[in-house]
Amino acid sequence: NPFAVDPAKWIAQLTEQFDGEDDHEDFLEAVKLEMYSDQVFCFTPKGRLISLPRGANSIDFAYAVHTDIGNTCVGTKINGRIMPLVTALNNGDEVEILRSPAQKPMAVWENLVVTGKARAAIRRATRAEVRRQYAGLGRQILERQFELAEKPFSDDLLKDALKRIGLSDIEEAMTRVGRGEMAPAVILEAIYPELKQIDPATSKGIKGQAGEGWFGIGSQALKFRVPGLSKRLERAENGQVPIRGLNSNLPVKFAPNGGAVPGDRIVGILEPGLGVTIYPIQSLALSKFDDTPELWLDVRWDIEDGTSDLFPAKLVVSSLHEPGTLAQITKIIADHNSNIERVEIEHDAADFADITVDLQVQDLKTLNRIMTDIRSCPVVSTVTRVNG
């Protein structure tokens, strides 16, 4: 705005520039252009005038006309020619917005627009779409949880149990499960209080022989041994050696960033006050314990063939950001009788996203099959397992 600097000086300069000119229309046109030099005026095909900041593009234009038009915008014609959506608009341009009901605003648009209205509308729409995807994922996780528990599930049953989990909206419950903010077992117990949450790491029904020097603590799915213990047993009276810090109530958990599944070579780290953490031998996190060999435990899997117990793993899927991508990935995981615990989506480019999936699988063979099937999806670029 020229008046924001010095209106008197601006008028004097403009008058001097046109002093002696007889064409007053040119003078008035120059005044208009100077006054609105920070704006562009464009038209819809029906002649509606749209005022936008200079540098605005067709996405800004679409949202200026109507939020729904912006949300469904897929292309643009400027003066009858198809142009990129990010093309800067000029005074007098006629802009036609091409739309599709299947279109959803992309998060990257927020960085391409210049108007606050467009930016706010894009932010709302992308948040709503992400929430919708998480709610859909949460529903799939819940349906699978209830199927495994052999219990019926419906929105009416969940609605009656909402107060018991401190929520008032079914979609909110679905979204929290999809985001991993609420365990599906919490909802299962809210609807069927007689059921108890089952932790795959401590579930019963797994049998095996301990063997020499091997013992069980906390988890029947695993057996532990202190390195060199068998030789100490030979020298000890009555064949018993006390192991400081180890008892049957010691908590056993899997590595927080990636977990471990049967088929992995694994090791246990005994941390005073924290219990035993199970890591796959290739985990990068083990390097911080290189100087404390006394914390290391030999660990082996002790699981019968055909067990239905599931164990934690983590995948990162790099894929095209297209509608239905997440649904394809979750279907593959479900088809392998595996559970999804949590999903996180991060957009790293206009058309690509990294999808981090915390899941539970039966064994390494199943996990490898899941990764192979996901890689076969046309929209997927890479699939990587996270090993901490």
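**Exercise 1. Work out how H5 crosses H8, and which residues touch.**

Start with the handedness: H5 passes H8 in a right-handed crossing (the near helix is turned clockwise from the far one by less than a right angle). This is a predicted model, where local features need pLDDT of at least 70, side-chain atom pairs count only at pLDDT 80 or more, and totals for chains, interfaces and linings use all residues. Residues are numbered from 1 along each chain as its sequence is written, and side-chain values use heavy atoms, with hydrogens and water left out.

Next, look at who touches whom (contact means heavy atoms within 4.5 Å). H5 brings Ile141, Leu142, Gln145 and Phe146, while H8 brings Pro184, Ala185, Ile187, Leu188 and Ile191.

Last, sort those residues: eight are nonpolar, one is polar and none is charged. Here Ala, Val, Leu, Ile, Met, Phe, Trp, Tyr, Cys and Pro count as nonpolar, Asp, Glu, Lys and Arg as charged, and the others, Gly among them, as polar.

**Exercise 2. Find out how enclosed H7 (residues 170–179) is.**

First, get the rule: buried means under 20% relative accessible area, with a 1.4 Å probe and protein chains only.

Then list the residues that pass: Ile170, Glu172, Ala173, Met174, Thr175, Val177 and Gly178. That's seven of the 10, so H7 is largely enclosed by the rest of the structure.

Now check the cover, which includes H5, H6, H8 and strand E12.

Terms used: Helix = DSSP H or I, 4+ residues; strand = E, 2+ residues; numbered from the N terminus. Buried < 20%, exposed > 50% of the residue type's maximum accessible area, 1.4 Å probe, protein only.
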